[in-house]
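Please open the structure in a viewer and keep the selection panel at hand. The stops below state what to select and what is found there.

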Amino acid sequence: MTLQPLTPVNCAGLLQPGCSLLQLDGEVLLFGQKGWPKRSCPTGVFGVRIKPGEMKLRAISFSNDSCYLPPLRCPAVCRLDPYDGLPESYLIHGGRTPNNEISSSLYLLTMDSRGCNRKLTLCCKEKELVGEVPGARYGHTMSMVQSRGKTACVLFGGRSYMPAGERTTESWNSVVDCPPQVFLFNLEFGCSSAHTLPELSDGQSFHLALAREDCVYLIGGHSLASDCRPPRLFRLQVELLQGSPLLSCDTLDTGISISSAIITRTGPAHKYIILGGYQSDSQKRMACTTVVLDEKGIQFEALEPPRWTPDIIHSRTWFGGSAGEGSVLLAIPSEGRPSQPDMHYFYQVSFQTESKGNEEEATLGCSQGSTEYEDSTPLEDSEELYFGREPHELEDSGDGEGDTYNEEDEEDESQTGYWIKCCLSCQVDPNTWEPYYSTELHRPAMIFCSRGEGGHWVHAQCMELSETLLLRLSQGSKKYFCLDHGGLPYQEITPPRQVMPLKRIPMKVKDRKTPPTIKMSPAKKSFFRRLFV
């Protein structure tokens with residue numbers, strides 16, 4: 001177990017309470033914040049790269065057929081491992097936007113493609129639900145259950161604004177716990193149903209939810225009605241019968257008093273570690289707990305926490321998320337330091353052994369080895385400490401407008417991007433490279449070859465391009481073929497679109513006077529002819 005401080009590279013203001021960390025196709029993604037200032041990344045999804053002592057973010061693009069995914073904070077996030085030929089994906093429901101609007105939409109996030117430089121492109125689709133649909137909320141959880149060869153999604157808890165009929169001028173932005181209903185919906189048909197159980201009598205938010213087969217365990221949580229965090233533990237069992245589903249709930253006496261905790265998986269089995277969270281409004285939970293789900297039920301075991309730094313111990317709030325198997329990204333605000341008003345301190349907590357950690361030192365341990373449905377991601381948030389304040393008084397609610405964008409954050413040059421072997425005779429060496437063109441600053445000039453499967457990038461120096469030709473090819477709509485696909489000097493220019501000439505039809509003159517015609521018989525014509533001769 002290690003606790004390593006991280007230095008953010010131009011991304012400190014983008015990680016704020018309420019964000020979520022996802023693991024998709026071997027990458028860790030940050031979700032829930034607005035994009036780079038003055039950049040075309042409005043959805044706020046970033047790839048997280050952690051190297052020894054540093055953390056970088058790079059913007060993630062979406063496919064053209066994706067719907068708009070707003071920057072949601074404190075949503076319910078549930079991972080779906082690949083099954084029946086479907087790719088790994090994430091379900092995202094609800095959440096709160098930076099403008100304090102609460103969402104009721106359900107999104108499905110999947111990987112769309114990988115570029116030639118390993119750049120990830122995501123696809124987001126909004127799924128519609130029919131029936132008893134859960135309302136807008138945040139601070140709730142979603143979990144996947146399997147029963148009798150079927151699968152379903154379980155949604156529980158959360159908070160929302162007061163009903164419109166109960167709002168007053170003073171309590172217009174006040175929030176309340178949602179009714180303690182359990183929503184069950186089928187992803188294939190989009191049918192949703194609400195269920196009320198007598199054991200679930202109070203609202204519950206910012207709790208943890210772990211699922212194994214047909215059981216969901218609800219751990220801890222905060223209740224606004226009683227303003228407490230009782231050590232609650234519920235086991236919700238779902239039987240997906242042929243007709244209507246059958247739900248039952250048991251109250252267990254081995255719960256934990258905790259809210260807004262971080263949970264990470266430590267292996268392919270159902271073994272987890274709970275880190276962080278709060279025991280009360282003024283007390284963080286500094287202990288760590290190991291959770292194991294098996295055929296017998298759920299077991300908790302105390303785990304020795306890492307050696308917390310003084311900044312972590314004395315901080316009032318903290319937040320973060322699971323950054324992969326046995327790894328946690330932890331952040332604390334720089335409270336009481338006027339020189340750094342908008343900055344957070346970041347740490348990486350690793351629960352892996354030394355031998356395994358040395359093998360993965362160069363990269364972030366973010367692979368998911370599970371072959372079953374992943375459990376719902378916890379809600380890494382400290383927002384329940386801010387209730388009772390006005391929205392503009394919420395701490396850390398800025399949009400990161402002061403952040404600057406660094407082009408070097410866009411690609412990981414050690415593995416992808418410009419430092420690649422573009423051909424067999426590639427002469428570019430990242431250790432001895434020197435500028436070849438006057439327009440080069442820090443990277444060698446590259447150009448895209450249009451031939452081949454999907455095309456590929458080649459170094460202009462290796463293709464023996466002059467700087468004049470390089471500038472000309474980079475303008476307009478010209479296509480370039482490398483030496484392996486046609487070579488120089490053959491170039492293609494995209495033919496201009498042929499415009500059919502318009503047929504101009506002369507316009508008729510209005511009210512045009514034509515000479516009158518007199519109809520005469522042949523006898524009259526001969527008479528007039530003899531008369532005027």
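## First stop: I312

Select I312, which counts as buried because its relative accessibility is 0%; buried means under 20% relative accessible area, exposed over 50%, and partly exposed in between, with a 1.4 Å probe and protein chains only. The residue I312 lies in helix α1; helices (H or I, at least four residues) and strands (E, at least two) are DSSP runs numbered from the N terminus.

Residues are numbered from 1 along each chain as its sequence is written, and side-chain values use heavy atoms, with hydrogens and water left out. The model is predicted: local features need pLDDT of at least 70 and side-chain atom pairs count only at pLDDT 80 or more, whereas totals for chains, interfaces and linings use all residues.

Now display the surroundings of I312. Not counting residues up to four places away in sequence, I312 touches L3, K284, M286, W318, L330, I332 and Y347; contact means heavy atoms within 4.5 Å.

## The whole chain

Of the 533 residues, 49% are buried. Among contacts with a separation of 6 or more, 58% are between residues 24 or more positions apart. The accessible surface comes to about 27900 Å², and 52% of this belongs to carbon and sulfur atoms; the areas come from the Shrake-Rupley method with a 1.4 Å probe, and for residues only the protein chains shown count as cover.

## Strand β1 and its partners

Select residues 2-8, strand β1, together with residues 344-350, strand β29: the two run antiparallel and are joined by five bridges. Two strands pair if DSSP finds at least two bridges between them. Within this pairing, P5 stands opposite Y347 in β29.

## Aromatic pairs

How many aromatic pairs are there? The count comes to three, where rings of Phe, Tyr and Trp (its six-membered ring) pair if their centres lie within 6.5 Å, and planes under 30 degrees apart count as stacked, over 60 as edge-to-face and the rest as tilted. Select Y138 and F206, an edge-to-face pair with 6.3 Å centre to centre and 75 degrees between the planes. Y138 lies in strand β12 (residues 138-147) and F206 in the loop between β16 (191-196) and β17 (208-212), so the pair ties together parts that are 68 residues apart in sequence. Y138 is buried at 0% relative accessibility, and F206 is buried with a relative accessible area of 1%.

Move on to W308 and W318: their ring centres are 5.6 Å apart and their planes at 70 degrees, so this pair is edge-to-face. W308 lies in the loop between β26 (297-303) and α1 (310-314), and W318 in the loop between α1 and β27 (319-322), so the pair ties together parts that are ten residues apart in sequence. Both W308 and W318 are buried.

## R285

Select R285, in the loop between β24 (283-284) and β25 (288-294). Is R285 buried or exposed? R285 counts as buried because its relative accessibility is 8%. The side chain of R285 makes a polar contact with the side chain of T289 at 2.7 Å, and also reaches the backbone oxygen of A287 at 3.2 Å. A polar contact is a pair of N or O atoms within 3.5 Å; within protein, one must be able to donate a hydrogen and the other to accept it, and residues adjacent in sequence count only if both atoms are side-chain atoms. Beyond neighbours within four places in sequence, the contacts of R285 include I256, Y278 and W318.

## S205

S205 is placed in the loop between β16 and β17 and is buried at 0% relative accessibility. A polar atom of the S205 side chain lies 3.1 Å from the backbone oxygen of G158. Leaving out residues up to four places away in sequence, S205 touches G139, G158, R159, D177, G221 and H222.

## Last stop: the cysteines

With a disulfide taken as a pair of cysteine sulfur atoms within 2.5 Å, the count comes to zero. Select C78: the nearest cysteine sulfur, that of C153, is 5.2 Å away. C78 is buried at 0% relative accessibility, and C153 is likewise buried, with a relative accessible area of 0%.
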